[in-house]
Amino acid sequence: MFRFNPQRRAAVAFTLALASLASLAASPAMAQDASKPQLVIGGTAGSNIDQLQSGIVPLLKAKGYKVKLVEFNDYVQPNLALADGSLDANFFQHEVYFNQFKGDRKLDLKALVQGPIAPMGVYSKQRKSLAELKEGDRVALPNDPSNLARGILLLQQAGLVKLKEGVNPLRVSELDLAANPKKIKLVPLDAAHLPRALEDTQFAIINGNFAISSGLKLSDAVLLEKTPDHYLNVVAVKTKDQGAQWAKDLEQAFRSQEFKQVVDKQFAGYAKPAFLQ
């Protein structure tokens, strides 16, 4: 039976990412050829890196770009690598997380274009549906503030909790619950570790990319979120690069009919911006 070990994978993925970035920094190829510039794009394991590989890289290569993908298994390093120039762009985060992270770290980054995201979902190995949820059940969910709020909103969508009146839905936490009739015990964990939490908790609310990278399918979820636009993924670049020709070409690739066809065929069920509907 397949056993997902996020700690081991995270360590390996991060080590490989650092090694890849170090080799690129030391390579003359970073001095971009005017006719065939090299783009270095980061993404997180699972659906995000898969979308880049299947749908975006071929379009950029057709325009003459050399493209290097760097895989990460956490939500911190891709933005730091972008800010320090190790990456040209990244694709892994929704708009709410991006705005909060760049604000907290004072990073001069810009969202270039939105893209598809695998919906957050509620998964379980111990219960067949949310109707089987029992009083005191443990529910694991992401511990970063924006995705913690997203997970709590998903519980409210399911009618399992109720938020206090007037709270900011993008920043809610356990302290903002007005009602929790089943006395659910929330267990915040690092997002990459949530698939493993299925062994120890009754339910886990898992970001789509980490669910898929662990071998889960969207159809395995007992509940998928109705994803609003502010939880769609964004392509991020340094602010100074947003007007560069390569950035315009990257944005065009995400808006293209060719990419839409890839998404429709290979990433069914993903939440998408209006231009990919």
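## The largest cavity

In this predicted model, the largest cavity is lined by 15 residues. Tyr75, Phe92, Ile117, Asn207 and Asn209 lie nearest its centre. The volume of the largest cavity is about 110 Å³. The count of cavities of 30 Å³ or more is 1.

Which strand gives the most to this lining? Strand β3 does, with 3 residues. At least two lining residues each come from α2 (47-62), β3, α5 (145-157) and α7 (208-213). By class, the lining of the largest cavity has 9 polar, 5 nonpolar and 1 charged residues.

## The largest pocket

The largest pocket holds about 250 Å³ of space. Its lining has 15 residues. Nearest the centre of the pocket lie Tyr75, Val76, Tyr97, Phe101 and Asp144.

Helix α4 (residues 95-105) supplies the largest share of the pocket lining, 5 residues. What classes make up this lining? There are 8 nonpolar, 5 charged and 2 polar residues.

## Histidine 94

Histidine 94 belongs to strand β3, which covers residues 89-94. Is histidine 94 buried or exposed? Its relative accessibility is 3%, so histidine 94 counts as buried. The cut-off for buried is under 20%.

A polar atom of the histidine 94 side chain lies 3.1 Å from the backbone nitrogen of tyrosine 97. Leaving out residues up to four places away in sequence, histidine 94 touches Ile117, Ser146, Asn147, Arg150, His230, Tyr231, Leu232 and Asn233.

Technical notes:
Residues are numbered from 1 along each chain as its sequence is written. This is a predicted model: local features need pLDDT of at least 70, side-chain atom pairs count only at pLDDT 80 or more; totals for chains, interfaces and linings use all residues. Side-chain values use heavy atoms; hydrogens and water are left out. On a 1 Å grid over the protein atoms alone, a cavity is a set of points where a 1.4 Å probe fits but cannot get out, and a pocket is an open set with protein on both sides within 12 Å along at least five of seven lines; lining residues have an atom within 4 Å of a point. Grid points are joined across faces, edges and corners, and a volume is the space filled by probe spheres set on the points. Helices (H or I, at least four residues) and strands (E, at least two) are DSSP runs, numbered from the N terminus. Ala, Val, Leu, Ile, Met, Phe, Trp, Tyr, Cys and Pro count as nonpolar, Asp, Glu, Lys and Arg as charged, and the others, Gly among them, as polar. Buried means under 20% relative accessible area, exposed over 50%, partly exposed in between (1.4 Å probe, protein chains only). A polar contact is a pair of N or O atoms within 3.5 Å; within protein, one must be able to donate a hydrogen and the other to accept it, and residues adjacent in sequence count only if both atoms are side-chain atoms. Contact means heavy atoms within 4.5 Å.
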